[in-house]
Amino acid sequence: QVQLVESGGGLAQAGGSLRLSCAASGRIDRDYTMTWYRQAPGKQRELVAIITSTGSTSYAGGVKGRFTISRDNAKNTLYLQMNSLQPDDTAAYLCHYADARGLSSWGQGTQVTVSS
């Protein structure tokens, strides 16, 4: 119902920055929650940041102060600005959508690799 496509991943140096995008299409509900997750090989999926349709945000403790989640409603796009990157940030980053209709969907992910 709602399709998500992530982009913006790549290779960064420790201390550098990347901005991830998640483009949404389809029937987006008025009330929704969008979430960035990440998953590294051999590790469990980790919640990174959340934003709601009202603009409320929350962050995992390990990224708070370094990452910023935002959205551009005119472009139906979700962003994750990542600053002060660390090697431990290396993972596949995925966006997730859920709404008041009970619908949910996942993007396919974009790889972020941080070298030291």
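Tyr 97 is buried, with a relative accessible area of 1% (buried means under 20%, exposed over 50% and partly exposed in between, with a 1.4 Å probe and protein chains only). This is a predicted model, in which local features need pLDDT of at least 70 and side-chain atom pairs count only at pLDDT 80 or more, while totals for chains, interfaces and linings use all residues. Residues are numbered from 1 along each chain as its sequence is written, and side-chain values use heavy atoms, with hydrogens and water left out.

**Aromatic pairs**

- The whole structure holds 2 aromatic pairs (rings of Phe, Tyr and Trp, the last by its six-membered ring, pair if their centres lie within 6.5 Å; planes under 30 degrees apart count as stacked, over 60 as edge-to-face and the rest as tilted).
- Tyr 32 and Tyr 97 are stacked, at 6.2 Å centre to centre and 25 degrees between the planes.
- Tyr 32 belongs to strand S4 (residues 32-39) and Tyr 97 to strand S9 (residues 91-99), so this pair ties together parts that are 65 residues apart in sequence (strands, E, of at least two residues are DSSP runs numbered from the N terminus).
- Tyr 32 is buried, at a relative accessible area of 12%.
- Tyr 37 and Trp 106 make a tilted pair, because their ring centres are 5.0 Å apart and their planes stand at 55 degrees.
- With Tyr 37 in strand S4 and Trp 106 in strand S10 (residues 104-106), the pair ties together parts that are 69 residues apart in sequence.

**Surroundings of Trp 106**

- Tyr 37 is buried, with a relative accessible area of 18%, whereas Trp 106 is partly exposed at 38%.
- The charged end of Arg 45 sits over the ring of Trp 106, 4.5 Å from its centre (the criterion is NZ of Lys or CZ of Arg within 6 Å of the ring centre and within 35 degrees of the ring normal).

**Open sheet**

- An open sheet of 4 strands runs in the order S1-S3-S8-S7, with antiparallel pairing (two strands pair if DSSP finds at least two bridges between them).
- Its edge strands are S1 (2-7) and S7 (67-72), each of which pairs on one side only.
- S1 and strand S3 (residues 18-26) run antiparallel and are joined by 6 bridges.
- Leu 4 has Ala 24 in S3 as its bridge partner, and Val 2 stands opposite Gly 26 in S3.
- S3 is also joined to strand S8 (residues 77-82) by 6 bridges, again antiparallel.
- Arg 19 stands opposite Gln 81 in S8.
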